[in-house]
Amino acid sequence: MLNDYLPLRYLSRLLPILIVILSCCLYASAQQQVTITGKVGNTKGEPLVGASITIKGTHTGVLSDTKGEFSITCKSNDVLVFTYSGFDPQEKLVNITTGWTIALEETRSVLSEVVVAALGIQRQTKGLTYATQKVAGTELTKVPQTNMINALSGKVAGMTISRSAAGLGGSAKVLLRGSKSAAGNNQPLYVIDGVPLINFTRESANASFSMADQGDGISNLNPDDIESMSVLKGASAASLYGSQAANGVILITTKKGKAGVSKIDVSSGLTVDAVAYTPKLQNNYGQTAPGSPESWGAPVGSSYDNVSDFFQKGNTWINSVGFSSGTEKMQTYLSYANTSAKGIVEGNTMGRHNFNFRQSAQFLNNKLKLEGNVNMITQTVNNNPVFGFQSGPLFGLYTFPTGQDLSPYKENFEVLDPVRNLYVQNWPFITADNQNPYWVINRNLYKNKRFRTVTNITARYDITEWMNIQLRGNMDRTNDYNTAKYYVGTAAVYAGLNGRYNVSDITTTQLYGDALLNINKDFNDIQLTATLGSSITDSRNAGESLGSNEMYIPNVFTIQNMSRGVGTSFGAASAQHQQLQAVFGNISLSYKNWLYMDVTGRNDWSSNLSYTPNGSYFYPSGGLTVLLDQLLSLPQSINLLKVRGSYAVVGNTVPIYVTNPLNYLTGIGDITFNNTAPFTDLKPEKTRSLELGAEFRLLQNRLSGDVTWYKTNSINQFFSVAVPPGTGYSRRFINGGDIQNSGVEASLNVRSVSGRNFSWNTGLNFARNRNVIKRLTDEVDQFVLSDDINNYSSILKVGGSYGDIYAQVLRRDEKTGQVYINDDGTPVVQGGARQLVGNANPDFRLGWNNNISYKWISLDFLVDGSFGGEVMSLTEQILDGYGVSAASGKARDEGGLTVDGIRLSDNTPVTKVDADKWYKTVGGRQHVTGEYMYDATTVRIREMSLGFTLPKSLLKTDVIKNIRLSLIGRNLVYLYKKAPYDPELTYSTGNGYSGIDVFSLPATRSFGCSLNVSF
C-alpha cells in the first residue's frame, strides 16, 4: 500500500532532461598532475592553522597544518582558492609548484560567510532570503548539562525552550515562533548532517495526578561532537524538508576529520546542583489535631526544616575525548563521551555513554566522496521522580504538619506488618495523594534504559566541476526498556494488595534515504544554484507494554507473577508503521552579487492520509534578497545592507490511523471496538508564511544587526467532534481552523572593544510573538487541549490564544471587582463554566550574551529574560488548603486575610476574612484555581564561565597545544521572579498543560569547573 505513493512517474519525466544535461557536461581534460606546496599566513607573517586550499570549481581541497603549511595535488592549469574565516579569499593560478607564500587579509565584509541551509547544503549568508541564526558548538559546551538543547535558551531570537520538571534525563519543549497546530506536533525538526533525526518524547501522563518524563531524542547527543547549529525559523527556510519541518528546523553539523590536521581534544566538566527555590512554608502553627494531615492548629514553639533535609546536592560529570586526523584522501573523527549524574532526590541517577565514528574518503581523482558515520548511545536513568498530585514524593514532603519532625519517617520509612510478615509503608496519612516521601523514593522504583544507534552513509560524485549527484541513507533505531515497581504498602490505588509492576519494551526505527542532483554554475553575471531530489522516510514502532496491580506473590516483579484479572493491562505497538515520500526542487539565482532569488517546490505522499483523495499534497516557496551595499554607492562604513522577503506554504500530515480507525487489543484477550467514524475526506494541515527582513554590517563589521517581521496562518486544523446517537459512532474528525502567529525578531551584535590583548563581543536578541485563534469551524466553538478535573483547562477559542488558561474563579462585582463574601465569612465561588484567567506565553523575550577576553583570561556570561504571561501553581493551592503555606501563616499572624470585599447579603464592605475560611475555600484540590495565577516574568543570569588559558610559553612542550580551565555556573541568580516556582519548568512537553506547576521538582543552580586540553 505504501509503495503506491512512490513518485516514479515524476522522476521518469525528468530522466530525459537529466540525460541531456549529463551528456553535455561529461568531458575530461588531460592536463598534467602536479603537487603544490607552500604556506598560508596573515599579513603579519603569522601562520593560519586550518586555512582551506581548494581547487576552484571542485570540492577537492586540503587544510593548512599547525605551521600554516600545505600540500595539494592538482592540474597544471588549475586555480587554487585560499580561504580562512574572517579573511578575504585569494585565488592563484598554478604556475610554480613550490615556495608558495600566501598572505590573507582580514575581511572587511561578510559576503563570503556561509551557513548550512536545508538538506545540509552550504549557502552564502548574503544570498539567503529568510531568517536563520547560527550557533557555534562551543555555546553548547561552555556550561555542560545532560540535555544540550537547553544550552540554547536565551541565545536564539524567536526560540522558546521550556525544560521538563522531571530533572535528569528530562525532555525539552522547543518552539520556534509559537505554537501552530491544535492537535499535531509543534516542535521543530532536528536534522543532523542533512538527515532528519527522530525526536520522540516518551511521557507517561495521568492528567495532573502524575507525570513521568522518560526523555526525548535530542537529549541523547554528545555536545562535544557538534561543530555548529543553524536554526531555520520560518517555513521558507524549512520548506525543502516538507511536512516534518512545518514548525522550523534545527540543523546540526557535527565534527569531522580535516586534511593535514591531527589532534586529540579532551574535556572534563563537573557541576554541582543545588536547589534554587522551594515553596515558602509557615513555621508558627501546628497540626490541626492528632492524626490530621493539616496545619490549622495552635501556635508551636519550634519547627523543623523537613524540606531542606530531604533534598541533596546533585552533580553532573561529563568527560569526553575526541580524535581527528586526515590526509587529502581520507579523514577520520572518533569520539567517546561519558555522562554520570546524580539528581537532587536520593536514588535519582543517570549514566550515558556516547561513541561516535565518522570516516570520509575520496576516490577517482577526488570525484567520488564516500562518508560513513556510526553513533551509538546507551543511557540508564534510575528513579526519575514522578510529579503531580500522586505517586511523587513532594506532596507528602511539603504538606507534612508544621512542628512535626519528619526524621523518624526517614529512618524508618517502612515497618513490619506482623500479619503478612512483610514490610509496609510507615506513614500516618496514607492516601493516593499523601505518602511518605522516603517510602516513595525507596519503594517506588523506576528504571529507564535506552540503546540507540544512528548510522549514516553518503556518496557524492562530481559529474563536472559544477554538478554533482549525492545519495544518502540513514537508520535511526532506539530501544527503550522501562520498568516501574510499586511495593506492597504503597497506596492501594496504585499497588493493590501485592504490589504493582509495569514494564514496556518499545523499539522505534526510522529509515531515511534521499537522492540529490546539485548544480552550481556561473553564467557571466548570473550564478545558478539548483537542487533536484527525492526522499523517503519510513518509521515503525514495535513492542509491548504490560502492567498489573494484581500480583500473585507480593513484591515479586516479573511478568510471570501477573494475574490475568482486570488489574492487568496489555498494550502492543507493533502495528504502527508510517511512511512519507517526496520529490522536491530548489532554484537559486543571483545577479551581479546584489540580487538573489529562491524558488522551491515539494510534493509529499503520506501514508497517514491513506483512504482519502488527499494523499498527495504540493507546496511552494519563494524569496527575494537585495544587497543595497552592492547596488548603490554607500559610505565605506557600511559593509552590508540587505533587505529580504519570502513567502511559503508548508504542509503537515495528520496522526497515524485517523483516516480509517480500527478495533484493537487492550488487554489479554480483550478487544476495544472503534467508536470513531472514518475520515475519508481529511486534508493535510497547511501553514502559510510571509516573512520580511533586513540585515546590516557597519564599521568593518564591528556592528551588525538583523530584524525580521513574520506572519503565519495554519489552516485545515484537525479536530475531533461528537456525532449524534444512532450513527454507530460517538466521535468523528473534521478539518477547519486558522491559527495565526505574527511577530518581530531582532538581534544586535557589537564588537565594541578590540585591542592587542583585549576584546569584548556582545550580542542582544529580542523576540515578540502574538498568537490569535482566527477561526475554528462552524461545528466547533472551542477546542480543548487539556481539561483537568482539578479545575484547570487549556482551551482554544476564536479570538483567544494558544496557551489560554481557564479556571474556577471567585464571584466578584462586575463594576468594582470586589469579591463577594458569604454571611459565614467564606468567599463566594463563581458557578458555571471555568473562566479565562491568563496565558502562559510571554509578551516578549530578551537575551544578552557577552564574551570578554584579556590576554589568557576570558569571561562569558548570558542574561536573559521572559517578560509577561501568567502561570498557575496548584502546588501553592494545596499548601494553602493544608495550612502549611507562608501566606496562610501570615494571615493568621495578622488576625485574618485582608481583602477588598462586599457581603453578598447586604453589600456592606468586608476587609478581613478568617484565614482558614478563605484558604479552605480557595485552597486545596479541586477548588478555586483562578486565585493561583502569578506573573511569569523572569530575568536571570543564565550562565557564566570564567576561563583561564595557559600561555604557550608555560607549556614547554609541543605535544600539548592548549590547556584551558574554566569556572562555570548556570541559572546563577534570578534578577526578577514573582512566581513561586520557575516558570520555565513545564509540567508537560506536549501541547496541553502549559503554564502549570503541580508538585514539580524545584529549579536548581549549578556551579562547577571544566578542563579542556588539546594535543
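## Strand pairing around β23

In strand β26, E371 finds its bridge partner in T458. The model is a predicted one, and within it β23 and strand β26, the latter covering residues 444–464, are paired in the antiparallel sense over 15 bridges.

## Salt bridges with buried partners

The structure holds 34 salt bridges. One of them joins K142 to E139, with the closest N and O atoms 3.0 Å apart. K142 counts as buried because its relative accessibility is 17%, and E139, at 15% relative accessibility, counts as buried as well.

A further salt bridge brings together the side chains of K155 and E943, at 2.8 Å from N to O. This pair links distant parts of the chain, since K155 sits in the loop between α2 (138–141) and β11 (159–164), while E943 belongs to strand β52 (residues 938–949), 788 residues apart. Both K155 and E943 are buried.

R770 and D843 form a salt bridge in which the closest N and O atoms are 3.7 Å apart. R770 lies in strand β40 (residues 758–775) and D843 in the loop between β45 (835–839) and β46 (844–854), so the pair ties together parts that are 73 residues apart in sequence. With a relative accessibility of 30%, R770 counts as partly exposed, and D843 is likewise partly exposed, its relative accessible area being 34%.

Elsewhere, salt bridges that share partners join R177, K233, K642, R644, E691, E695, R697, D706 and E745 into one network.

## A positive patch on the surface

On the surface, K39, K67, K952 and K961 gather in a patch of positive charge. Within this group, K952 is found in helix α13, which comprises residues 952–955. K952 counts as exposed because its relative accessibility is 69%, where exposed means over 50%.

Methods
Residues numbered from 1 in each chain as written. Predicted model: local features only at pLDDT ≥ 70, side-chain atom pairs only at ≥ 80, totals over all residues. Heavy atoms only, no water. Patch = residues over 30% accessible without salt bridge, like charges linked within 9 Å, V, L, I, M, F, W, Y side chains within 5 Å. Areas by Shrake-Rupley, 256 points an atom, 1.4 Å probe, with all protein chains shown as cover. Salt bridge = Lys/Arg side-chain N within 4 Å of Asp/Glu carboxyl O. Lys, Arg positive; Asp, Glu negative; His and termini not counted. Charge placed at Lys NZ, Arg CZ, Asp CG, Glu CD. Helix = DSSP H or I, 4+ residues; strand = E, 2+ residues; numbered from the N terminus. Buried < 20%, exposed > 50% of the residue type's maximum accessible area, 1.4 Å probe, protein only. Pairing = 2+ DSSP bridges.
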